[in-house]
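Open the model in your viewer and keep the selection panel handy. We will go from a helix pair to the pockets and finish with the whole fold.

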Amino acid sequence: MTSAVDDKYQLVGSSRVMRDLREKVLRIAAHPNARVLISGPSGSGKECVARMIHARSPRVDKPFVTFNCATVAKELLEDRLWGHVKGAFTGAFKDADGLFAAAEGGTLFLDEIGEM
């Protein structure tokens, strides 16, 4: 599967490591229910790899939702991930979907997940 996203998210380089990574992206993308842990230091291109997998998968027409786990207090993380219903806590004036619902059928990229 290809999309306009393909041109935007490319791995640059022709080393053996980069060729192997491109092959892995294609193998992973072929599995519609794959769960993937992409590790590496900040700035190494984890989100780029996640977007490449998404763009080449059967989920390409579904949402790609990204969330930096390090940007929210641990007390609010559950609400961000799963949402809440009206009245669940002070200030919950209406139902709110979480990130899992927002990414339904697509991809949820949890950046800095080790910070949770």
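Select H2 (16-29) and H3 (46-55) together: they pack at an angle of about 45 degrees, with axes 8 Å apart (axes are lines fitted to C-alpha atoms, for helices over the stretch in contact, and angles run from 0 to 180 degrees between N-to-C directions). H2 and H3 are therefore oblique to each other, a word for what is left once angles under 35 degrees count as roughly parallel, over 145 as roughly antiparallel and 65 to 115 as roughly perpendicular.

Now show side chains. On H2 the contact (heavy atoms within 4.5 Å) uses Leu21, Val25, Ile28 and Ala29, and on H3 it uses Val49, Met52 and Ile53. By class this contact has seven nonpolar, no polar and no charged residues; here Ala, Val, Leu, Ile, Met, Phe, Trp, Tyr, Cys and Pro count as nonpolar, Asp, Glu, Lys and Arg as charged, and the others, Gly among them, as polar.

A word on the source: this is a predicted model, where local features need pLDDT of at least 70 and side-chain atom pairs count only at pLDDT 80 or more, while totals for chains, interfaces and linings use all residues. Residues are numbered from 1 along each chain as its sequence is written, and side-chain values use heavy atoms, with hydrogens and water left out.

Which residues line the second largest pocket? Select Leu21, Lys24, Val25, Ile28, Val36, Ile38, Ser39, Ser44, Gly45, Lys46, Val49 and Ile53. A pocket is an open set of points on a 1 Å grid over the protein atoms alone where a 1.4 Å probe fits, with protein on both sides within 12 Å along at least five of seven lines; lining residues have an atom within 4 Å of a point. The volume is about 180 Å³, meaning the space filled by probe spheres set on points joined across faces, edges and corners. H2 gives the most to this lining, four residues.

Next, go to the largest pocket, at about 860 Å³. Of its 32 lining residues, Arg35, Val36, Thr107, Leu108 and Phe109 are closest to the centre. Strand S4 (107-111) brings the largest share, five residues. The lining divides into 15 nonpolar, eleven polar and six charged residues.

Finally, zoom out: there are five helices and four strands (DSSP runs of H or I, at least four residues, and of E, at least two, numbered from the N terminus).
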